[in-house]
Amino acid sequence: MMTSALSRPPHSGTVQLIGVPLDLGASRRGVDMGPSAMRVSSLVRQLERLGIVVQDTGNVTVPDRSALDDSPTAFLDAITGVCANLAQRTAAAVRSGVRPLVLGGDHSLAAGSVAGTATALHERGQRTGLIWLDAHADINTPVTSLSGNVHGMPVAHLLGYGHAPLAGLSAASPAVLPEHLVYVGLRDLDDAEKAFIRELKITAFTMRDIDERGLRAVMNDAVRIATTGTGGVHLSCDADWIDPQEAPGVGTPVRGGATLREAHLAMEIIHDTGALVAMDLVEINPILDSRNATAELAAELIASAFGRHIL
């Protein structure tokens, strides 16, 4: 349910930046530079204007591709290690009352960031709501994936499926329950993903739902589902959920995504709930961008998620 302007949460508190220069989950190089692109954008300045204290804790260490062997699970094991480190950092932030803002890097990192949020809330006897803004469902497992790219698998692992070490990073088991997960903006799915979503009865709003019902109605439903029976919401946003005309600097662009204003409205609605516990912004590839435009757009969207309003 929308809150009124008079009851909006205050623009305050502390946000902890955690960079994850991870590209091991994707086949296209360059997304590891995403955290740097975000840091040189207007992100910190925009958050500080809202009265938010910004703590930049640096980057999670990521192994270099050239240092990994060519075994079938080398990248998966390396990603699991990165995600385990990230899970510890996001859990610590949430425990201390700080909201972690994770800057990617490819979307496989969410198997760690969300797991950390889930651990901290589990320690309070609470579950985690997850809103996944993405063109893709990212719910393949190593067995079902057509590409083998781990950035297409984090949701499956958060639900307890796939590579056991990666699926077991959270103190909550699984990290997220299907009934607390909501997709918004889907428009490019594998057949196996479609079947898995139906089997688990996950709420999935595609771009057709947004076209037919409008972004406000979809987001109101998404927030209601993600906040029912949970201690708060982890928002995981892939830059490719936005239309590539607005966000060209992504590795897997899909035409027909959210408009600029729809993207801001989604963030504004999430902020108005007061339930945002943690956030990921991932898959920005500066090599494919133009004058850091996608990172600047991401900075503006993050500011909306943390309290910036037009009036």
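# Briefing on the predicted model

By class, 12 polar, nine charged and four nonpolar residues make up the lining of the largest pocket. The structure is a predicted model; the mean pLDDT of the protein is 94, and 96% of its residues reach 70 or more. Over residues 1-10, however, the pLDDT is below 50, and this stretch has 14 contacts in the model beyond near neighbours in sequence. Where pLDDT is low, the predicted coordinates should not be read in detail.

**Largest pocket**

- The largest pocket holds about 380 Å³ of space.
- Its lining comprises 25 residues, of which His136, Ser147, His151, Gly152 and Thr252 are the closest to the pocket centre.

- Helix α4 covers residues 110-122 and has 13 residues. From first C-alpha to last, α4 reaches 17 Å, close to the 18 Å expected at 1.5 Å a residue.
- Because 12 of the 13 residues of α4 are buried, the helix is largely enclosed by the rest of the structure.
- The buried residues of α4 are Ala110, Ala111, Gly112, Ser113, Val114, Ala115, Gly116, Thr117, Ala118, Thr119, Ala120 and Leu121.
- Gly105 lies in the loop between β3 (99-104) and α4. The peptide bond that joins Gly104 to Gly105 is cis, with omega near 10°.

**Helix α10**

- Helix α10, residues 260-273, has 14 residues. The distance from its first C-alpha to its last is 21 Å, close to the 20 Å expected at 1.5 Å a residue.
- The buried positions in α10 are Glu262, Ala263, His264, Ala266, Met267, Glu268, Ile269, Ile270, His271 and Asp272.
- These buried residues of α10 pack against the strands β4 (129-133), β7 (233-238) and β8, and against the helices α8 (207-213), α9 (215-227) and α11.

**Helix α3**

- Helix α3 (residues 74-95) has 22 residues, which should span 32 Å at 1.5 Å a residue; its end C-alpha atoms are 32 Å apart, so the two values agree.
- Gly81 is a residue of α3. Gly81 counts as partly exposed because its relative accessibility is 41%, a value between the 20% and 50% cut-offs.
- The C-alpha atoms of Gly81 and Pro63 are 9.3 Å apart in space, while the two residues are 18 residues apart in sequence.
- Just after α3, Gly97 adopts a positive phi of about 85°.

**Thr294 in helix α11**

- Thr294 belongs to helix α11. With a relative accessible area of 2%, Thr294 is buried, since buried means under 20%.
- Apart from neighbours within four places in sequence, Thr294 is in contact with Ala239, Ala247, Pro248, Gly249, Ile284 and Asp289.
- Thr294 and Gln88 are 206 residues apart in sequence, and their C-alpha atoms are 29 Å apart in space.

**Backbone features in other loops**

- Lys201 is found in the loop between α7 (191-200) and β6 (203-206). Lys201 has a positive phi of about 55° although it is not a glycine. Its relative accessibility of 71% is over 50%, so Lys201 counts as exposed.
- Arg291 is placed in the loop between β8 (276-282) and α11 (293-305). Arg291, also not a glycine, has a positive phi of about 55°. With a relative accessible area of 85%, Arg291 is exposed.
- Pro174 is in the loop between α6 (164-167) and β5 (181-186). The peptide bond from Ser173 to Pro174 is cis, with omega near -5°.

**A buried loop residue**

- Ile52 lies in the loop between α2 (43-49) and β2 (53-59). Ile52 counts as buried because its relative accessibility is 4%.
- Ile52 and Thr14 are 38 residues apart along the chain, and their C-alpha atoms are separated by 5.6 Å.

Methods
Residues are numbered from 1 along each chain as its sequence is written. This is a predicted model: local features need pLDDT of at least 70, side-chain atom pairs count only at pLDDT 80 or more; totals for chains, interfaces and linings use all residues. Side-chain values use heavy atoms; hydrogens and water are left out. Helices (H or I, at least four residues) and strands (E, at least two) are DSSP runs, numbered from the N terminus. The expected span of a helix is 1.5 Å times one less than its number of residues. Buried means under 20% relative accessible area, exposed over 50%, partly exposed in between (1.4 Å probe, protein chains only). pLDDT is the predictor's confidence in each residue, from 0 to 100. Contact means heavy atoms within 4.5 Å. On a 1 Å grid over the protein atoms alone, a cavity is a set of points where a 1.4 Å probe fits but cannot get out, and a pocket is an open set with protein on both sides within 12 Å along at least five of seven lines; lining residues have an atom within 4 Å of a point. Grid points are joined across faces, edges and corners, and a volume is the space filled by probe spheres set on the points. Ala, Val, Leu, Ile, Met, Phe, Trp, Tyr, Cys and Pro count as nonpolar, Asp, Glu, Lys and Arg as charged, and the others, Gly among them, as polar.
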